[in-house]
Amino acid sequence: SSSSTALIISTVNMTADVITAPTQVQSGKSCPNSKEASPVKVKTPAEITEEAATCLVTGKRHLLVSDIHAAVTSLAQACELLSAHFGETAKECAESYFYYGKSLLELSRMESGV
C-alpha cells in the first residue's frame, strides 16, 4: 500500500513537473523570433508626432494631385497616430480630421460619379 501511494505521489509530481516546465519556445531561449532576441522599439512622442505630420503632409499632397485613395490611406494613418497620442478630441487632431473628411468626401464623389 505504501509503495502504491509513493508511486501515485511520484506520478503526480512528474505530471506537475511536465505541466509547469516551460518549453524552449515558451521561454524564448532558443527561438530566434522571440521578443528577447529582437525587442520591439517603442517610439517616442516626438517620433509619433513627426510620423503623423509626415502622413498629414503626404495625404494633403495626394489630395492636391487627385490621388484620392492614397490620400485617404495617409490621412487615416495621421488621424490614428494623432488620436492615439493626444486623444480623439484634442485640437492637435483637427487638421488631420478635416483633410481626412475632405478626402473621404472626394472618394465618395468619385465612386458615385457626381
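A salt bridge here is a side-chain nitrogen of Lys or Arg within 4 Å of a carboxyl oxygen of Asp or Glu. The model is predicted, so local features need pLDDT of at least 70 and side-chain atom pairs count only at pLDDT 80 or more, while totals for chains, interfaces and linings use all residues. Residues are numbered from 1 along each chain as its sequence is written, and side-chain values use heavy atoms, leaving out hydrogens and water.

By the salt-bridge rule, the count is four. Three of them are described below.

Start with Glu-106 and Arg-109. Their side chains form a salt bridge at 3.1 Å, N to O. Both sit in helix α5, three residues apart, so about one helical turn separates them. A helix is a DSSP run (H or I, at least four residues), numbered from the N terminus. Glu-106 is partly exposed at 30% relative accessibility. Here buried means under 20% relative accessible area, exposed means over 50%, and partly exposed lies in between (1.4 Å probe, protein chains only). Arg-109 is also partly exposed, at 39%.

Next, follow helix α5 to Glu-95. Its side chain meets that of Lys-60 in a salt bridge of 2.9 Å, N to O. This pair links distant parts of the chain. Glu-95 belongs to helix α5 (residues 94-112), and Lys-60 to helix α3 (residues 45-64), 35 residues apart. Glu-95 has a relative accessible area of 37%, which makes it partly exposed. Lys-60 is partly exposed at 30%.

Glu-51 is partly exposed, with a relative accessible area of 23%. Lys-43 is partly exposed at 43%.

Methods: Helix = DSSP H or I, 4+ residues; strand = E, 2+ residues; numbered from the N terminus.
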